[in-house]
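Open the model in your viewer and keep the selection panel at hand. The stops below run from the whole chain down to single side chains.

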Amino acid sequence: MPRYEYRCRPCGSTFELNRPMAESSAPAVCPDGHEDTVKLLSTVAVGGSATAPAPSAPSGGGGGCCGGGCCG
């Protein structure tokens, strides 16, 4: 179940709620009972590496006119 982060306007506290996506826009009440809250945009951390593979060097006799002996 997704976790959403909210901020209470009257007291300034932030809190999280686990709720279905269908209820993500529903009003949320802060732990102190205030109803004037706003949903915050959360960042998502994704693991892994963002490096691109190194280009491979041509192998063997190559190809094309200047790489394979068709120029003379």
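Predicted model: local features only at pLDDT ≥ 70, side-chain atom pairs only at ≥ 80, totals over all residues.

Residues are numbered from 1 along each chain as its sequence is written, and side-chain values use heavy atoms, with hydrogens and water left out.

**Whole chain.** The chain has 0 helices and 3 strands, in the pattern β-β-β along the sequence; helices (H or I, at least four residues) and strands (E, at least two) are DSSP runs, numbered from the N terminus. Switch to a surface: the chain exposes about 5800 Å², of which carbon and sulfur atoms supply 55% (Shrake-Rupley method, 1.4 Å probe). Of the 72 residues, 12% are buried (under 20% relative accessible area, 1.4 Å probe, protein chains only). Contacts (heavy atoms within 4.5 Å) between residues at least 6 apart in sequence join residues at least 24 apart in 27% of cases.

**The sheet.** Next, select residues 3-8, which are strand 1, together with strand 2 (14-18) and strand 3 (37-39). The 3 strands form an open sheet in the order 2-1-3, with antiparallel pairing; two strands pair if DSSP finds at least two bridges between them. Strands 2 and 3 are at the edges, each with a single partner strand, so one side of each has no neighbour in the sheet. From one strand to the next, the twist averages 35° (axes are lines fitted to C-alpha atoms, angles from 0 to 180 degrees between N-to-C directions). Strand 1 and strand 3 pair over 3 bridges.

**Thr 37.** Where does the bridge partner of Cys 8 lie? Select Thr 37 in strand 3, which is that partner. Thr 37 is buried, at 17% relative accessible area. Its side chain reaches the backbone oxygen of Ala 28 at 2.6 Å. Neighbours within four places in sequence aside, Thr 37 is in contact with Arg 7, Cys 8, Phe 15, Ala 28 and Cys 30.

**The aromatic pair.** The structure holds 1 aromatic pair (ring centres within 6.5 Å; planes under 30 degrees apart count as stacked, over 60 as edge-to-face and the rest as tilted). Select Tyr 6 and Phe 15: they are stacked, 5.6 Å centre to centre with 20° between the planes. Tyr 6 is buried at 2% relative accessible area, and Phe 15 is buried at 8%.

Note on methods: Buried < 20%, exposed > 50% of the residue type's maximum accessible area, 1.4 Å probe, protein only. Phe/Tyr/Trp six-rings, centres within 6.5 Å; stacked < 30°, edge-to-face > 60°. Polar contact = N/O pair within 3.5 Å; in protein donor to acceptor, adjacent residues only side chain to side chain.
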